[in-house]
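Please keep the sequence and the model open while reading.

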Amino acid sequence: MTFKLPDNIDPSKVFLINRSELEGRIDPNQYHIERKEAIAKLKKNNQLLKLKDVVKNVKTTTTQVSESDIYIGLENITSNTGEYIETKDKLSISSAGIFKKGQILFPKLRPYLNKVYLAEFDGICSTEFHIFKSDTFLNEFLTIYLRSDLIVNQTKHLMTGNTLPRLQTDDINNLPVPNISIETQQQIVDLYNIAYSQKQQKEAQAKQLLESIDAYLLKELGITLPEKDNSLTNRIFRTSFKEISGGRFDPDYITKHNYLVSRESKFDFIDFKNVLIKSPQYGANEEAIDGDLNNDTRYIRITDIDDWGNLKKDTWKTANNINPVYILNNDDILIARTGATVGKSFIYKKNKFQAIFAGYMIRFIIDKKKANPDYIFYYLNSSFYKYWISAIQRPSAQPNINSEEYKSLPIALPPLEKQTEIVNYILSIRNQAKQLQKEALGILDKAKQQVEKIILG
């Protein structure tokens with residue numbers, strides 16, 4: 001009997017299987033061709049074991065969480081490379097998994113993010129992680145393998161649930177593991193570690209370039225920051241009630257305000273409000289939900305922005321309600337107004353994707369007849385700006401700066417021609433750094449391909 005597909009169905013997205021091949025589930029993703037091909041590759045030259053036969057699940061949980069504990073959530077692990085990123089904010093948690101150095105943290109949630117981590121220290125983690133340890137395989141090898149495309153091309157088709165797609169424990173336990181010798185495992189670990197070291201060197205060079213931008217900008221503007229003095233003499237001062245009446249009397253503000261009043265530059269300082277079009281706008285208070293890079297409007301939150309003002313690639317979110325009033329336009333600048341990241345900034349470029357912005361951020365629209373938006377953005381990443389932020393923010397559990405205070409930010413404003421010169425120089429430095437970062441990832445990608453060849457035989 002011949003089976004004919006309806007005309008509106010793409011044949012490349014349809015595949016047939018025998019009833020005998022069903023693995024306990026009848027949802028189609030379980031039998032996706034990409035998953036079947038990954039398993040077939042592994043089977044060709046290897047005896048396959050199941051993950052549950054190779055590792056022990058050593059996870060224990062605790063409700064005794066202290067401030068001194070190092071806590072790892074999904075946000076602390078980078079996608080694909082599995083590096084640990086320390087975060088300033090400590091989440092309020094009621095329970096956590098306990099892990100030891102050398103154990104493997106494998107996430108149940110959103111497997112396509114590929115956040116597998118080999119613990120470099122003892123700590124606690126989100127209960128969304130499984131914690132594995134092997135006595136028969138090298139844990140370093142297993143981490144590299146579980147982070148490879150051979151596994152990701154399986155797990156991303158085993159997810160269940162829409163809002164929080166996750167892996168079922170049985171599906172994780174039954175993941176195939178090639179039974180290769182300890183010597184070959186060590187060969188793979190050594191190869192990967194050499195590549196990882198080369199990657200870190202490239203990234204260090206990129207970081208050094210990016211850090212040089214601040215010194216260049218302050219030199220071009222003729223701004224000198226005060227030297228730090230931690231002596232007791234400079235921590236005690238007197239002021240009259242008249243000077244602080246109706247204002248602020250926190251000591252950090254008063255000491256730094258004295259410098260800000262007497263600041264100097266090669267160019268005139270003007271208040272931020274004088275280069276703005278329209279009033280600053282607070283963002284949308286919407287629920288962030290998983291989005292699709294190709295189809296959805298991105299919902300930009302403070303946590304999506306890195307320390308250099310770039311958007312993180314592995315935190316793509318959309319919102320449950322896209323209100324047009326919050327849609328960003330080209331060269332709009334966003335600044336965080338509260339929390340540990342208060343003052344962090346981002347400039348939106350429309351050629352990338354449509355986006356709206358979250359409630360803890362403020363939108364500023366620059367008058368291009370007066371200022372180059374990119375110059376303003378780079379200025380907002382300067383140490384002078386950060387000094388101003390540290391003076392203005394209120395010393396509380398949730399530091400914050402409102403839109404009126406941001407409007408009073410002193411901007412050293414050269415002529416537009418000079419602003420463009422500064423922008424072009426900084427852009428060239430950032431592009432050099434991006435190229436180094438790209439090369440760093442390329443080194444690791446090449447190593448992953450070599451690892452896969454060794455595994456597949």
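In this predicted model, helix α3 (residues 139–146) packs on helix α6 (residues 182–221). Their axes lie 9 Å apart, at an angle of about 70°. Angles of 65 to 115 degrees count as roughly perpendicular, and α3 and α6 are therefore roughly perpendicular to each other.

**Contact of α3 with α6**

- The crossing of α3 past α6 is left-handed.
- On the α3 side, the contact residues are Glu 140, Phe 141 and Ile 144.
- On the α6 side, Gln 185, Ile 188, Val 189, Tyr 192 and Asn 193 make the contact.
- Sorted by class, the contact of α3 with α6 holds 5 nonpolar, 2 polar and 1 charged residues.
- An α-helix has 3.6 residues a turn, so residues three or four places apart point the same way.

**Helix α12**

- Helix α12 covers residues 416–456, which is 41 residues.

**Sheet with β12, β19, β16 and β17**

- This open sheet has 4 strands in the order β12-β19-β16-β17. Its pairing is antiparallel.
- Which strands are at the edges? They are β12 (276–282) and β17 (345–347), and each pairs on one side only.
- On average, neighbouring strands of this sheet are turned by 20° against each other, direction ignored.
- Strand β16 (residues 333–336) pairs with β17 over 3 bridges, in the antiparallel sense.
- Ile 335 has Ser 345 of β17 as its bridge partner.

**Sheet with β3, β5, β8 and β4**

- This open sheet also has 4 strands, in the order β3-β5-β8-β4. Here the pairing is mixed.
- Strands of a sheet pair through backbone hydrogen bonds, either parallel or antiparallel.
- The edges are held by β3 (60–62) and β4 (71–72). Each has a single partner strand, so one side of each is left without a neighbour in the sheet.
- Strand β5 (residues 96–99) and strand β8 (residues 123–125) run antiparallel and are joined by 3 bridges.
- Phe 99 stands opposite Gly 123 in β8.

Note on methods
Residues are numbered from 1 along each chain as its sequence is written. This is a predicted model: local features need pLDDT of at least 70, side-chain atom pairs count only at pLDDT 80 or more; totals for chains, interfaces and linings use all residues. Side-chain values use heavy atoms; hydrogens and water are left out. Two strands pair if DSSP finds at least two bridges between them. Helices (H or I, at least four residues) and strands (E, at least two) are DSSP runs, numbered from the N terminus. Axes are lines fitted to C-alpha atoms, for helices over the stretch in contact, and angles run from 0 to 180 degrees between N-to-C directions. Angles under 35 degrees count as roughly parallel, over 145 as roughly antiparallel, 65 to 115 as roughly perpendicular and the rest as oblique. A crossing is left-handed if the near helix is turned anticlockwise from the far one by less than a right angle, and right-handed if clockwise. Contact means heavy atoms within 4.5 Å. Ala, Val, Leu, Ile, Met, Phe, Trp, Tyr, Cys and Pro count as nonpolar, Asp, Glu, Lys and Arg as charged, and the others, Gly among them, as polar. The expected span of a helix is 1.5 Å times one less than its number of residues.
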